[in-house]
Amino acid sequence: MLSQGMEKKEIIKVLDNLDKFIVKGTVKKGRGRNKEYDEITILKMLVLLTLAKISYRGAKGFLEGNGEYIEYLGLKTIPSFQTLSRRARQLPLHEIVQKATTLFTDAEGLERKEVAVDSFREQVM
């Protein structure tokens, strides 16, 4: 069920590179209780769900059926779809996209090209 025939080890490699995209302290700490999941864990879950073409509502079932991802992410509990949705809105996506573009163009030694990133889920019609 993974996109474009990606294997689990390839997905883990992509998730490992996401540590370079989050700047510590970019999400403002507001009032209320402490967050149970840090920003990098939420980002990795969102990318994993996107690669697997799983909705936020389907995250729990997908992760329960793929325990190695729960272990990799270090989750004690699986966040609800409401938590994923709310926390996705709080991530500094502009910064992350900028860093991803820089990382992949510099790593490949390619000349920089303009990249467009759609933050909405792809709809298949």
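The model is predicted, so local features need pLDDT of at least 70 and side-chain atom pairs count only at pLDDT 80 or more, while totals for chains, interfaces and linings use all residues. Residues are numbered from 1 along each chain as its sequence is written, and side-chain values use heavy atoms, with hydrogens and water left out.

**Overall fold**
- The chain has six helices and zero strands; helices (H or I, at least four residues) and strands (E, at least two) are DSSP runs, numbered from the N terminus.
- Of its 125 residues, 31% count as buried; buried means under 20% relative accessible area, exposed over 50%, and partly exposed in between, with a 1.4 Å probe and protein chains only.

**Nonpolar core**
- A nonpolar core is a set of buried Ala, Val, Leu, Ile, Met, Phe, Trp, Tyr and Cys residues joined through side-chain atoms within 4.5 Å.
- The largest such core holds 24 residues, of which Leu48, Phe62, Leu63 and Leu84 touch the most other members.
- At least two core residues come from each of α1, α2, α3 (59-65), α4 (67-73) and α5 (81-90), and α2 gives the most, with eight.
- Leu84 sits in helix α5 and counts as buried because its relative accessible area is 0%.
- From C-alpha to C-alpha, Leu84 and Leu46 are 7.6 Å apart, although 38 residues separate them in sequence.

**Salt bridges**
- Two salt bridges are counted, each being a side-chain nitrogen of Lys or Arg within 4 Å of a carboxyl oxygen of Asp or Glu.
- In one of them, Lys8 pairs with Glu68, with the closest N and O atoms 2.3 Å apart.
- Lys8 lies in helix α1 and Glu68 in helix α4, so this pair ties together parts that are 60 residues apart in sequence.
- Glu39 pairs with Arg87, where the closest N and O atoms are 3.8 Å apart.
- This second pair links helix α2, which holds Glu39, to helix α5, which holds Arg87, across 48 residues.
- Glu39 is partly exposed at 23% relative accessibility, whereas Arg87 is buried at 5%.

**Loops and surface**
- Lys53, in the loop between α2 and α3, has a positive phi of about 55° although it is not a glycine.
- Most residues other than glycine have a negative phi.
- Lys53 counts as exposed because its relative accessibility is 56%.
- Lys35 lies in the loop between α1 (8-17) and α2 (39-51) and is partly exposed at 38% relative accessibility.
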